[in-house]
Amino acid sequence: MLWFKFLKAKIPQIGVFLLMLAIYIVNFWLWRLPMMAFFNSSLFALIIFVIYLISSYFRWKGVQQAICSVVQDNQTLQKKLDQQNLAERELEDIIRVWSHQMKIPLSAIDLMTQTEADPKELKNQVFSLENYLKMLLEYQRINNLATDFRFDKVSMADIMRELIKKYSTFFIQKELSLNIEGEWVVTSDQRWLTLAIEQLLNNAVKYTNSGGIFIQIEPGKLEIRDTGIGILKEDIPRLFEHGFTGFNGRIQQKSTGLGLYLSKLILDKLEFQITIHSDIGQGTTVTITKE
């Protein structure tokens, strides 16, 4: 293939050589010179020309390889630049949505300082502020992560029990029932895995006003099922896009669109799979698996 490209590039030189050879033949024919002399001189000229082509080919090949290397480097740099620009745009979008969402608990806290504050509600708003801030900080960390993972044996049941304890106030306030069964010991990074699952539990509690949350654990699978408001079918394919809140998230005015995006980002890096099934008014089931 390279030889073909080289010869194609050398067509003008080859054409000049053939033209000179033709003139040479005509001269021999017109002057009626001995053909043996023609063949000897032509063979010598052909040998010289072939040597020229071979030496030119190796020089041309070196130049082409250098050009290919430069092109590949440029493509790599362009790809990195595009990724950086995309990451910056995503971060700008997320900060814009996040800062808007932060106004809700801040406004509620400000209002409570001007009236008689409800300690439970104040605690809930502070919890929301801490959670929003944590999501943004962890999002920035996971995007700049290099070798921060520390893999060890992790108990899914222990993770869920710790998170349930953290969200116990909301279970009590909403009078939600809770059922957790099974166990799954997996090799993973406990800190990041806990953060990913917390966002899923947070959504389940946030959008469930009555009924309960059921957690089923088995080797290779974690399932979180709630009896909440559910998700529109057309929203499900876009749930893991950054900044996407869905119809119910916009109606409830409780969603930044960052929680599920962060969970998916972490789970992908930890090589877990996540799927969501939901029906409006019937609840949502989130399933995490690992092969």
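The buried residues of helix α9 are Gly-259, Leu-260, Tyr-261, Leu-262, Ser-263, Leu-265, Ile-266 and Leu-267, where buried means under 20% relative accessible area, exposed over 50% and partly exposed in between (1.4 Å probe, protein chains only). That makes eight of the 11 residues in α9 (259-269), so this helix is mostly covered; helices here are DSSP runs of H or I with at least four residues, strands are runs of E with at least two, and both are numbered from the N terminus. Just after α9, Glu-271 takes a positive phi of about 65 degrees.

Before we go on, a word on the model: it is predicted, so local features need pLDDT of at least 70 and side-chain atom pairs count only at pLDDT 80 or more, while totals for chains, interfaces and linings use all residues. Residues are numbered from 1 along each chain as its sequence is written, and side-chain values use heavy atoms, with hydrogens and water left out.

Now turn to the sheet. Its five strands lie in the order β2-β4-β5-β7-β6, forming an open sheet with mixed pairing; two strands pair if DSSP finds at least two bridges between them. At the edges stand β2 (177-182) and β6 (273-279), each with a single partner strand, so one side of each is left without a neighbour in the sheet. On average, neighbouring strands are turned by 10 degrees against each other, direction ignored. Axes are lines fitted to C-alpha atoms, for helices over the stretch in contact, and angles run from 0 to 180 degrees between N-to-C directions.

Look next at β4 (residues 212-218) and β5 (residues 221-226), which run antiparallel and are joined by six bridges. Here Ile-215 stands opposite Ile-224 in β5. Helix α5 (residues 156-166) packs on the sheet, touching β2, β4 and β5, and its direction makes about 165 degrees with that of β2; contact means heavy atoms within 4.5 Å.

What about the nonpolar core? The term covers buried Ala, Val, Leu, Ile, Met, Phe, Trp, Tyr and Cys residues joined through side-chain atoms within 4.5 Å. The largest one has 49 residues, of which Met-156, Leu-193, Ile-197, Leu-222 and Phe-272 touch the most other members. Helix α7 (residues 190-206) supplies the largest share of this core, nine residues. A second, separate core of six residues includes Phe-17, Leu-53, Tyr-57 and Trp-60.

Finally, Thr-194 is found in helix α7. This residue is buried, with a relative accessible area of 19%. Leaving aside neighbours within four places in sequence, Thr-194 is in contact with Ile-159 and Leu-163.
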